[in-house]
Amino acid sequence: MLTLALHFLWGRYYAHPWGVNPARLREAEWPPSPWRLLRTIAAAWFQGHPEQQASPELLELLNALGSELPDIELPKVAFSKTVHYQPNYGATAAEDQKRAEYKRVRHENHFAAVSGPVLFHYDLLAVPEAQREKRRDHLCMILQGILSNVSYFGRAESVCELNVLCDAPVRDAKEIASVVRDEQGCPCRRIAEDCRDVFCPTPDDFRAEDLWQRRNAQPTANVALPHLVQDLLDASQPLPDGARWFSYRMPEGWPKRWVVRHPAPSRPKPRSTGGPTVASFLRFSLQCRIGIARKFVVSLAEQFRAQAMKRHGDDSFALSGHARPPELQGDHQHAFYLPRPTENPGFLEELWVWCAHGFTQQEVEALMKVGALRWADGRYPARPVLLEVQRSLPRVEPTKLWKSFTPFVPPRFWYRKKIVERDLKEGDSPELQLGRCLRDAGVQTPGTIRRIDTGREWDVCKVHLPDHSNGREPDQRIGVFLEVEFEKSEVLPFPALGHSCHFGLGLFVPAE
C-alpha cells in the first residue's frame with residue numbers, strides 16, 4: 001500500500017468543488033479531491049522543472065495513481081466561512097445615486113477546519129501481487145523528489161505539507177471513506193445521508209496529460225497551450241477529460257461523530273503545554289510600496305518577533321527564547337528572524353524564520369497572523385505574506401567559502417572609547433571573535449577569516465537589547481563584513497553568528 005499524508009499546518013482547508021459557482025457554494029469541498037491531489041503533484045513537478053515537458057517518470061506516477069480510487073482516512077472537521085465586502089464603485093442604478101455612491105459586493109470564503117492529517121491510501125491492485133512491493137517503492141522514490149515543492153493544496157490559504165508513506169498502518173474500515181460501487185462493482189454516484197460526491201480521475205479513462213490540457217486541444221507552433229480552466233470555459237466543456245464525480249461513503253457515524261457543528265462554550269484559555277512540532281522554517285515576502293533599506297534589518301525582526309509573541313499569548317521558547325525546556329540541550333535552538341535581500345542586495349525583500357527546536361501548530365498560527373511592520377517613520381508599512389512552510393530546516397550544501405550577508409557584530413566590544421581613535425583591542429578583533437563563535441557552534445574545521453572590502457571599514461548597526469539592559473548599553477554597535485574560507489567543505493550549524501544574530505545581523509551564506 002502507498003499512502004499520501006496531507007497535513008494542513010494552519011488547520012484549515014480552503015477549496016470549493018469543481019465547477020460550482022462560488023456564489024452558490026454552501027460549504028468547502030470535503031473530502032479533498034483525489035483529482036486535485038494528482039494535479040497538485042503535477043504542478044509541484046513542473047515548478048521544479050520549469051519550461052520542460054513532463055518526464056516519463058512523472059507520467060508513470062500519475063497514470064499509476066489515477067488508475068484507482070483511493071480510500072481516504074479523514075479527521076474530524078468543522079465547516080465555516082469568513083465574509084467580507086468589496087466596494088463596487090459605479091455599479092448603482094441612476095435612481096439609487098441619491099442614497100449611495102456605491103454598492104458593496106458580498107464575498108464568502110468557505111473553509112473546513114480539520115483536526116489532523118488526511119490520508120489517501122492506494123492499494124495498487126492493478127499491479128500483480130508479486131511485483132506490488134517493488135512497484136510501491138519505485139513510486140515512493142519518484143514522489144520523494146517531487147513533494148518538497150508542495151506548499152499549499154486547493155487555495156493558497158491552505159498551507160500544507162504532503163508526505164509519502166510506504167507502510168502506514170490503516171485504521172478500522174469503519175473510519176475510512178471509500179468509493180460507492182454498484183452491483184457490478186463499478187464506482188458510481190448515490191444520494192444518501194452518509195455519502196458525499198468527490199471529484200476523481202476516472203480509473204479506466206484517465207491519462208496524466210488530462211491534468212493540464214484538453215484532449216482535443218490543438219497545439220500551435222511556438223505558442224503555449226492555454227490554461228486548462230480557461231480552455232474548458234472557451235470550449236464549453238464542464239469537466240476535464242478523464243475525470244468524473246463519484247460518491248464516497250463516509251465513515252460510520254457520519255456526520256454526527258465526525259462533523260463539529262457547534263463550537264464549545266467559551267472557557268479561560270489554558271496555558272500552552274507544547275505539543276508536536278509541525279514546522280521548522282517559514283519564508284515570508286515583505287510587501288511594501290518602496291524598497292526597505294538594509295539598515296532596518298533589526299527593527300523589522302524585532303517587530304515581527306514582538307507581534308508573534310503577542311499573538312501567541314503564552315510563553316513560547318521557540319518564539320522568544322525564554323522559558324527554556326529543562327531537557328533541551330544546546331544554544332541557539334530558538335527562532336532566528338532573518339530579514340534579507342533577494343534580487344536587489346540593497347533592499348530587504350523577504351523574512352525567513354529559522355528554528356532548530358521547531359514550532360507547534362499554535363506557534364505557526366501566531367507567526368502567520370503577524371500584521372504590518374512599521375519602519376523608518378512608519379509611512380510605508382511592510383506586510384509579511386507567507387510564501388513557504390517546511391517541516392525540516394532548508395538543506396544547505398557544504399562549501400569552503402562563506403561570506404557575510406549582513407554585518408557581523410562581535411559579541412564583545414573590540415574597541416576602547418571611540419573607534420576613530422584606533423584604540424582597538426587586539427585580543428578581541430572581529431576576526432578572532434568570529435573564530436570563537438564558530439568553535440562554540442561546533443565547527444572544528446580550520447579556516448581563514450578575512451575582511452571583505454565594501455568601500456568602508458565598518459557599518460554602524462542597530463542591535464537588539466534585552467529587556468534587562470535598562471538603557472545602560474548602547475543600542476548601536478560597529479559591524480564588519482567578513483568571509484571564512486575552510487580547508488574543506490563545511491556547513492554552518494546556524495545561519496547567523498555574533499551579537500543580535502537572532503535578529504538578522506551576522507547572517508552568513510555560501511559565497512556562490
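What share of the contacts in the chain with a separation of 6 or more comes from residues 24 or more positions apart? It's 76%. Keep that in mind while we walk through this one, and remember that we're looking at a predicted model.

Okay, the overview. The chain has 512 residues, and buried ones make up 44% of them. In terms of secondary structure, you'll find 8 helices and 22 strands. The accessible surface is about 28100 Å², and carbon and sulfur atoms account for 49% of that.

Let's go inside. Here's a bit of background: in soluble globular proteins, nonpolar side chains tend to be buried together. In our chain, the largest nonpolar core has 60 residues, and the ones with the most contacts inside it are Leu2, Leu4, Trp30, Ile41 and Tyr122. Helix 1, residues 34-48, gives this core its largest share, with 7 residues. There's also a second, separate core, this one of 39 residues, with Val364, Met368, Val370 and Cys461 among them.

If we skip its neighbours within four places in sequence, Leu4 is in contact with a whole list of residues, including Leu37, Ile41, Leu65, Val118, Tyr122, Leu143 and Val164.

Leu65 brings us to helix 2, residues 56-66. Its buried residues are Leu58, Leu61, Leu62, Ala64, Leu65 and Gly66. And what covers them? The cover includes strand 1, helix 1, strand 6, helix 3 and strand 9.

Arg207 is in the loop between strand 9 and helix 4. Arg207 and Gly66 are 141 residues apart along the chain, yet their C-alpha atoms are separated by 7.6 Å. Leaving out residues up to four places away in sequence, Arg207 touches Asn63 and Arg215. Is Arg207 buried, exposed or partly exposed? It counts as partly exposed, because its relative accessibility is 46%, and that class lies between 20% and 50%.

Next stop, strand 11, residues 277-287. This one is mostly covered, with 8 of its 11 residues buried. As a reminder, strands of a sheet pair through backbone hydrogen bonds, either parallel or antiparallel. Strand 11 pairs with strand 15, residues 350-360, in the antiparallel sense over 7 bridges. Within that pairing, Arg283 has Trp352 as its bridge partner. Strand 11 also pairs with strand 16, residues 383-390, again antiparallel and over 7 bridges. There, Leu286 stands opposite Pro384.

While we're at strand 15, have a look at the rings. The whole structure has 18 aromatic pairs. One of them is Phe336 with Trp354, an edge-to-face pair at 5.4 Å centre to centre, with 85 degrees between the planes. This pair links distant parts of the chain: Phe336 sits in strand 13 and Trp354 in strand 15, 18 residues apart. Both Phe336 and Trp354 are buried. Elsewhere, ring pairs join Phe8, Tyr13, Trp30 and Phe153 into a cluster. You've met Trp30 already, as one of the residues with the most contacts inside the largest core.

Last region, towards the end of the chain. We have an open sheet of 4 strands, in the order 18-21-17-22, with antiparallel pairing. Which strands are at the edges? Strand 18 and strand 22, each pairing on one side only. From one strand to the next, the twist averages 25 degrees.

Strand 17 and strand 22 run antiparallel and are joined by 3 bridges, and in that pairing Ser404 stands opposite Phe508. Helix 8 packs on the sheet, touching strand 18, strand 21 and strand 22, and its direction makes about 40 degrees with that of strand 21.

Back to Ser404, which is in strand 17. Why is Ser404 classed as buried? Its relative accessibility is 6%, and buried means under 20%. Setting aside residues up to four places away, Ser404 touches Ile452, Val480, Phe481, Leu482, Leu507 and Phe508.

One more loop to finish. Ala441 is in the loop between helix 8 and strand 18. Beyond residues up to four places away in sequence, Ala441 touches Pro493 and Phe494. The C-alpha atoms of Ala441 and Leu497 are separated by 8.9 Å, and these residues are 56 apart along the chain. And there's that opening figure again: 76% of the contacts with a separation of 6 or more come from residues 24 or more positions apart.

Methods
Residues are numbered from 1 along each chain as its sequence is written. This is a predicted model: local features need pLDDT of at least 70, side-chain atom pairs count only at pLDDT 80 or more; totals for chains, interfaces and linings use all residues. Side-chain values use heavy atoms; hydrogens and water are left out. Helices (H or I, at least four residues) and strands (E, at least two) are DSSP runs, numbered from the N terminus. Buried means under 20% relative accessible area, exposed over 50%, partly exposed in between (1.4 Å probe, protein chains only). Contact means heavy atoms within 4.5 Å. A nonpolar core is a set of buried Ala, Val, Leu, Ile, Met, Phe, Trp, Tyr and Cys residues joined through side-chain atoms within 4.5 Å. Two strands pair if DSSP finds at least two bridges between them. Accessible areas come from the Shrake-Rupley method with a 1.4 Å probe; for residues, only the protein chains shown count as cover. Axes are lines fitted to C-alpha atoms, for helices over the stretch in contact, and angles run from 0 to 180 degrees between N-to-C directions. Rings of Phe, Tyr and Trp (its six-membered ring) pair if their centres lie within 6.5 Å; planes under 30 degrees apart count as stacked, over 60 as edge-to-face and the rest as tilted.
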